[in-house]
Amino acid sequence: MTPSAPDGPGSKGRSRRNFAGARPVMADVARLAGVSKQTVSRVLNDHPAVRPETREAVSEAMRALGYRPSRSARSLASGRTRMLGVISFDAARYGPASILTAINTAAQEAGYLVSSIALDTADHDTVVEAVDRLSAEGADGVIAIAPQLWVGRALAETTGLGTPLVVLESALDEDTPLVTGDSRTGARKATEHLLGLGHATVWHIAGPTGWTSADHRLASWQSTLRAAGTAVPAPLVGDWSADSGYRLGRSLARRPEVTAVFASNDQMALGLLHALHDAGRSVPGDVSVVGYDDVPEAAHFLPPLTTVRTDFAEIGTRSLRLLLDRIDGPGGRPRVDTLVPVDLVVRASSGPPPAR
């Protein structure tokens, strides 16, 4: 049965059963709303030339029919796929996983799908191939979580593809926007906290060399100690894992002069706590410990861990907003860098040095 033409825009009395047996299409919406298919297309793509009453009539018709616009049809009309690409590395770690979750949530709210590529290796060819693949799939833009310096160098070669790009952690060039947590300020706050408690100096378990956040925290820890006029111990370099924190912690635990340690992430701090416990050194009675990231378990370590809180959800959300701004805005826009603030969360693992 062919439906009769409606009385006019927003006509009442029609429902999806008028089109029983077939999924409603754009032409059905146009009939029910009393407008052209072109007007329905303009409403779907938020065209500014549509009058409010017409927009409401079309929206009401879509609700009545249970109409769901085809993503491919919208892509043809707008020249966009409504799909974004995300490239991540070491995605099992708390930080990257939290950022990816936030990007997916924000993208869904904005009406986009996300295609994610999680890379196990971060060599040059793999990174370039990932960007090429997302571009070939028609991604409107790409977010790259690039924690290592060499990843940033590889990504820099892909900026000529014309796909809008936002990078987390590593700065690429003068055009590509950067979003990152304020690692330098976080490390300074952690180090100043321990010095302020009365410790003569602060030791450091650093993250792996070549990781932007690890390098920034290491440099800030060193400069804070120098500014305080105190000794700068040789850093111990870990690999972000609790096992490396435990291994390096065993060597620190054997040194009685060590009374305060800043670890570059909470997992290495956890291994350090374990090593100190095995060596019979109490925390914070003998050694104070500060971590970084504020993972959900940090408040339940023994003792609860003093740490620097990074708002990974905010990093993910801001990166998505910045990418959409690059997609929607005109070309040749100046680079915008976003530094997400961090907070020191003081718990029971830090305290004054032992009495001499």
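**Close-up views of a predicted model**

View 1. At 1.5 Å a residue, the 14 residues of helix H3 (residues 52-65) should span 20 Å, and its end C-alpha atoms are 20 Å apart, which agrees. The expected span here is 1.5 Å times one less than the number of residues in the helix. Helices (H or I, at least four residues) and strands (E, at least two) are DSSP runs, numbered from the N terminus. This is a predicted model, in which local features need pLDDT of at least 70 and side-chain atom pairs count only at pLDDT 80 or more, while totals for chains, interfaces and linings use all residues. Residues are numbered from 1 along each chain as its sequence is written, and side-chain values use heavy atoms, with hydrogens and water left out. Look along H3 for its buried residues: Thr54, Ala57, Val58, Ser59, Ala61, Met62 and Leu65. Buried means under 20% relative accessible area, exposed over 50%, and partly exposed in between (1.4 Å probe, protein chains only). These buried residues of H3 pack against helix H1 (26-33) and helix H2 (37-44), where contact means heavy atoms within 4.5 Å. After H3 comes glycine 66, with a positive phi near 70°.

**View 2. The largest cavity.** The largest of the cavities has a volume of about 200 Å³; the structure holds three of 30 Å³ or more. On a 1 Å grid over the protein atoms alone, a cavity is a set of points where a 1.4 Å probe fits but cannot get out, and lining residues have an atom within 4 Å of a point. Grid points are joined across faces, edges and corners, and a volume is the space filled by probe spheres set on the points. The largest cavity is lined by 20 residues, with Arg93, Glu169, Ser213, Arg217 and Phe312 nearest its centre. Among the elements giving two or more residues to this lining are strand E5 (178-181) and helix H9 (212-227). H5 gives the most, with three residues.

**View 3. Proline 284 in its loop.** Proline 284 sits in the loop between helix H11 (266-278) and E9. Proline 284 is partly exposed, with a relative accessible area of 25%. Leaving aside neighbours within four places in sequence, proline 284 is in contact with Ala348, Ser349, Ser350, Gly351 and Pro352. The C-alpha atoms of proline 284 and alanine 260, 24 residues apart along the chain, are separated by 8.6 Å.

How values were computed:
1 Å grid on protein atoms, 1.4 Å probe; cavity = no way out; pocket = protein on both sides within 12 Å on 5 of 7 lines; lining within 4 Å.
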